[in-house]
Amino acid sequence: MSAQVQSKGRIYLLPLIAVSLSIASCTADHRNIKHVSIVGVGASFPAPLYERWLSDYNQKNPNVEINYQAIGSSTGVQQLIEGTVDFAASDVGITSEQAAKIKRGVIALPITAGSIVLAYNLTQVAQQSPQVNVPTTLRLPRQVYVDIFLGKITNWNHPRIAAANPGVSLPNLPIQVVHRTDGSGTTSVLTQHLSAISPEWKRKLGAGKAVAWQVGIGGKGNEGVTALIQQIPGAIGYVEYVYAKQNKLPMAALENKSGNYITPTPKFVAQTLEAVKLPANNLIAFITDPTDAQSYPIVTYSWLLTYHQYPNRVKAQVLKNFLDWAVIEGQKSSLELGYIPLSKKVVLQVQSAVNKIAE
């Protein structure tokens, strides 16, 4: 089951992205590179952007094959540890314990950023019931969406949802929670936020790439959760913004720490990211409950993880060339798809880190 992501009139099925790329003029030891194959796996969060990058990069560079498979952050990091891939992608970077297992060293690059949204499906009900009046953006208070995921609020016409949406006629319809089944950076970002705003959530479920969900049904990857939300009337689930946007799913406006209801637009997400300070030693940081009055509350960078040392120097150089392109030219397509371009300061940090590959 896979949600579709559209780009420039074409339709791509995720999570598998396999795009042949090439480099027209890259040399090593003064010899032209004829063919290099690079393999990466990991997070589904950045997969639509990676697909665009690989397609755009291919037009200028004809001889390097880069395959990326979106199979979840947990699996991506594990395969990097096992040495079966050339790079990985993770929405939570990599822990010091995991990094210590990689003898070749690891470099974490915040390569893009975006938001986690609560997408829902009340469209069919509203179309079939004239008395139901559902706005395109429902307002959900902080403790309301916590209690939905805890299974304490189970119906869409619950008084606490109605109180936050005056003038709205909500349906008498069960809420069907949809969550991830795979080890997911998206799940980790969401549950870090829920743990930060709810002592009950922190005590009962905590934060992590996988938690013991008390309610709901599971889908694999952002695309699997998106597909289930589309199919189930009354569903609500968490996905990366791009998946909801491309599949035209309504997204909730979430109450932030200042008490304001904020929609996950690029403007408000970028404003939240300004408060994230990336440490120089590993470029990994999170903000679980932003304090700015206009901040959207659930945002994250997504990291591309490379080795520090590559046995194949040509492969290392090819990967560095692609990464240098991604943080400059590649960022130009971020907003179009719904991601947040890296700030100039973060670009400089990433470029410095890329230079350390194969040093």
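What is the mean pLDDT of the chain, and what share of its residues reach 70 or more? The mean is 89, and 88% of residues reach 70 or more; pLDDT is the predictor's confidence in each residue, from 0 to 100.

This is a predicted model, in which local features need pLDDT of at least 70, side-chain atom pairs count only at pLDDT 80 or more, and totals for chains, interfaces and linings use all residues. Residues are numbered from 1 along each chain as its sequence is written, and side-chain values use heavy atoms, with hydrogens and water left out.

**View 1**

**View 2. Helix H1 packs against helix H12.** H1 spans residues 47–60 and H12 residues 313–326 (helices, H or I of at least four residues, and strands, E of at least two, are DSSP runs numbered from the N terminus). Their axes lie 11 Å apart at an angle of about 110° (axes are lines fitted to C-alpha atoms, for helices over the stretch in contact; angles run from 0 to 180 degrees between N-to-C directions). The pair is therefore roughly perpendicular (65 to 115 degrees; under 35 is roughly parallel, over 145 roughly antiparallel, the rest oblique). H1 contributes Trp53, Leu54, Asp56 and Tyr57; H12 contributes Asn321, Phe322, Trp325 and Ala326. These contact residues divide into 6 nonpolar, 1 polar and 1 charged (nonpolar: Ala, Val, Leu, Ile, Met, Phe, Trp, Tyr, Cys and Pro; charged: Asp, Glu, Lys and Arg; polar: the others, Gly among them).

**View 3. The largest pocket.** Its volume is about 290 Å³. A pocket is an open set of points on a 1 Å grid over the protein atoms alone, where a 1.4 Å probe fits, with protein on both sides within 12 Å along at least five of seven lines; lining residues have an atom within 4 Å of a point. Grid points are joined across faces, edges and corners, and a volume is the space filled by probe spheres set on the points. Of 16 lining residues, Ala108, Ala280, Asn281, Asn282 and Leu283 lie nearest the centre. The lining holds 9 nonpolar, 6 polar and 1 charged.

**View 4. The second largest pocket.** Its volume is about 230 Å³. Among its 15 lining residues, Leu273, Glu274, Tyr301, Ser343 and Val346 are closest to the centre. H14 gives the most, with 3 residues.

Technical notes:
Contact means heavy atoms within 4.5 Å.
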